[in-house]
Amino acid sequence: MVTTEKKAIKKEGQKDPKNTDETKKTTKQKVDNKEVPYYKNQKFIVIIGILLMLMAIFLLMAFTSFVLHWNEDNSLIYRGKDSSWWRLITDSNLKSVNVMGKIGLFFSYVFITSWFGIASYLIALYMFLLGVRLTFSVQMPLAKISRYALFFLVWISIVCALTFDTNSYFGFGMGGYVGVYINHFLSGFIGVSGTIIILIFTLLAFSIIEFNFPTSQIGPLKAKWKAHQERRQSRLEAKSLADEQKKADLQRHREQEENAYELEKYAVDEEEENQKWIDLTHDEPRNDADAISTLDNSSQNAENAQEFELEIPDYQNKPMKHDEVEFTVIQHDNKTEETETEEESDDHSESEDEKQHFKIDEPYDPHLDLPNYVFPTSILLKDYENNVPEVSREELDANKKRIVETLNNYSVKIDKIRATIGPTVTLYEIVPSAGTRISRIKSLEDDIALSLAALGIRIIAPIPGKGTVGIEVPNSNPTIVSMRSVLEDDKFQNSKYALPIAIGKTISDETYVTDLAKMPHLLMAGATGQGKSVGLNAIIASLLFKKHPSELKFVMVDPKKVELALFSKIERHYLAKLPDSEEAIITDTKKVVRTLNSMVLEMDNRYELMKDAQVKNIKEYNEKFIARKLNPLHGHRFLPYIVLVVDEFGDLIMTAGKEIEFPIARLAQLARAIGIHLIIATQRPTVNVITGTIKANFPARIAFRVIQKNDSRTILDAGGADQLVGRGDMLLSTGSELIRLQCAFIDTPEIEELSSFIGAQHAYPSAWMLPEMPDEGLEGGSKEMNTEERDPLFEDAARIIVQAQQGSTSLLQRKLKLGYNRAGRLIDQLEAAGIVGPFEGSKAREVKIGSEMALDQFLKDLNGDDLM
């Protein structure tokens, strides 16, 4: 029908809309080509590139000829007073031995003798690379190559001038005039030994700067390289053993077939021989007893030939283990068949390749997905000079005096007072006299703040575990807590946490390191500009410095579209997204809802895997998988931690409401055991945003400075956040205690440097894919789905599901040997067609068709409707 309509349109003389679109595109391209300047034209660029390559070849040949025949060329150049380059070039009687003629001699003399000596070859090489880049549009780091060429051009020139005699080569040494002059200057100034030291130093300094060599981690890098080499060697040995084992199994399998064939042939030959003996008994006179004995022997041999077992030698007299197979060759009725004895399983139709089990002693290493990945080092971050908190003695004495006077004015006596200096605030601990009521000191908070003329005064009455009263007073000159100083601390470097995060420093100037996996979720709130975004960046950076890309994935939600955009460069290393999503950092509210529901689906799938593996949490599951106790053919895989980072949660609640809150609540309630952790930040800590359901499942909360005391109670269930001084000053509530911290500061250029360092390394082909969610349009049933949109394995998957009467994604993975995403799409298509029911959490989907006959009729009707 479509073709007839097109023909009718052409007959009526109407223009095909596709053709008009193509003509528009071609005309637009022509207009665009006319507007492009000549120096940006691709043809002009290619011509320049070819010219540069030819010039580079010309120089290489001229340089080489000059190096070989420099003595003859120099005699031609230094002829006396009448020597000039113009006469040399124009005088036809003067002949040059240079293969590129007098022009080649001219350029060789200028570059090699007058300038850089033998190092001038780098100029020709640089021109050739530049020509290749322009001609073939090859991507290469031109700026880096330029730096290398310029440095080594001068460095090699000086080394050659220092190493070789001045009058031995090219008339002025192998270093050229530049190398000789610099060498004479340095040698006369600091001597030959000093010149050598300078050359070695400049080479090392250039290498460290250009290659970002982590000098502080030479030892760990050496140990890591040695461990990598050992893992690689053991992996190669295991692979060779597996190959040998596979060849041996194939050889045994062939021997079994040959033995079975020989047995069958032997049985046939023996039967024919017995028949001959019987015929002979009729032809020749024999004793009846002999005939009877012959018949008995022949029948006994025939019975022996009916059943004969031949076992593989490797499996004899060995106990059977899980997923190991024992092969036997059994002959029944002169026919040989291969059978297998193994433990009973529900899947009887698995292929032989799935059933064969090869033992590998080496544990599974997830780091081998990216074996050459290099962890970022603290050298990428800025080192602030003022890292140590400093408070003058005069300031300490003045504050101490005012605190004591204020308390004496209200008849509060104290026995002792001491100060602990922190980066932002100083803690004054006082020991009240006997009989003093703590509530009286707490009520004097505003009066102490007035006497000290400072904001952010907070009284801790009493300090838990100390029996003292604490008064926190902001420093007049607060100290910046750099992210570099926090990450270089031994607490973070030696931490064995599953997800270590270094948030900042405490009042006692100690680095605070905690485990996100034990929190297990984190709620962050505070007014605008008080440090939430910096806090998020500090947490993400901590994890990036500690976890390999195979161990950790981020799902980032950024409604503001600018806060988390800096991490887009690490998409193929650390980020996770939906299969149909173009960008890994989610900004659209509709995609946020789909992503959260997909994470709920991933949570349910992980619980199914843990149920099959008989473990309780992700740590036990991964340990079992690393020990190769879980079969990947049954859907098992190494599970990375997933951290959901949501910025501006309040905006999402305003636009989506319950659609956002429900999956967040489900994840917060159930996801900790399977390695999914949530970090949620908002600048509006109201009860409409931070509901009771969310607060109940977020025991760990961070409060930056807020305006009202009610907001502090909403976040922390306690006051104090309204008394902070801002600029990263925060309170961390872990449920049992309230800790005041100064958040580590990491600036935007540092995030860019970190992301660029990771993004420049070898990565996965794409971001880590979350389970695909079914489109809302497919929920209407099979009539809305076209045959072309179905997977080619749609009917095979339907038959497997109906035969097993179990709507499971993992079943399709095992039977059809598919990845999780494609198996999930097949399940969604089967649901849309009406073959299986909707998703029911941890339960398997309902199969709505009871038999294969009914399925055949259903598929016939379905395909017929699609054709119409």
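At what angle do helix α20 and helix α21 pack, and how far apart are their axes? The sections below take up this pair and other packing features of the model, which is predicted.

## Helices α20 and α21

Helix α20 covers residues 589-613 and helix α21 residues 618-626; the two pack at an angle of about 60 degrees, and their axes are 11 Å apart. Angles from 65 to 115 degrees count as roughly perpendicular and those under 35 as roughly parallel, and α20 and α21 are therefore oblique to each other. Their crossing is left-handed.

On the α20 side the contact is made by R606, L609, M610 and A613, and on the α21 side by I618, Y621 and K624. Sorted by class, the residues of this contact are five nonpolar and two charged, with no polar residue.

## Helices α3 and α6

Helix α3 (residues 42-68) packs against helix α6 (residues 101-116) at about 75 degrees, with the axes 9 Å apart. The two helices are therefore roughly perpendicular to each other.

From α3, the residues in contact are F58, L59, A62, F63, F66 and V67; from α6, they are I103, G104, L105, F107, S108, Y109, F111, I112 and T113. This contact has twelve nonpolar and three polar residues, and no charged ones.

## The nine-stranded sheet

An open sheet of nine strands has the order β9-β8-β17-β16-β15-β10-β14-β13-β11, with mixed pairing. Strands β9 (511-515) and β11 (552-557) are at the edges with a single partner strand each, so one side of each has no neighbour in the sheet. With direction ignored, neighbouring strands are turned against each other by 30 degrees on average.

Within this order, β16 (residues 729-733) and β17 (residues 738-743) run antiparallel and are joined by five bridges. S733 is opposite L738 of β17. Two helices lie across strands of the sheet. Helix α22 (residues 649-656) lies across β11, β13 (641-646) and β14 (676-682), and its direction is at about 90 degrees to β14. Helix α25 (residues 709-716) lies across β10 (522-525), β15 (700-704), β16 and β17, running at about 160 degrees to β15.

## The four-stranded sheet

Four strands, in the order β4-β5-β7-β6, form an open sheet with antiparallel pairing. The edge strands are β4 (414-421) and β6 (458-460); each has a single partner strand, so one side of each is without a neighbour in the sheet. From one strand to the next, the twist averages 20 degrees.

Six bridges pair β5 (residues 425-432) with β7 (residues 469-474) in the antiparallel sense. In this pairing V425 stands opposite P474 of β7. Helix α13 (residues 393-409) packs on the sheet and touches β4, β5 and β7, its direction making about 40 degrees with that of β5.

## Aromatic pairs

Across the whole structure, a search finds 17 aromatic pairs. One of them is formed by F151 and F206: the ring centres are 4.1 Å apart and the planes are at 0 degrees, so the pair is stacked. Planes under 30 degrees apart count as stacked.

F151 belongs to helix α8 (residues 142-163) and F206 to helix α9 (residues 176-211), so the pair ties together parts 55 residues apart in sequence.

Terms used
Residues numbered from 1 in each chain as written. Predicted model: local features only at pLDDT ≥ 70, side-chain atom pairs only at ≥ 80, totals over all residues. Heavy atoms only, no water. Axes fitted to C-alpha atoms, helices over the stretch in contact; angles between N-to-C directions. Parallel < 35°, antiparallel > 145°, perpendicular 65-115°, else oblique. Left-handed = near helix turned anticlockwise from the far one by under 90°. Contact = heavy atoms within 4.5 Å. Nonpolar A, V, L, I, M, F, W, Y, C, P; charged D, E, K, R; others polar. Pairing = 2+ DSSP bridges. Phe/Tyr/Trp six-rings, centres within 6.5 Å; stacked < 30°, edge-to-face > 60°.
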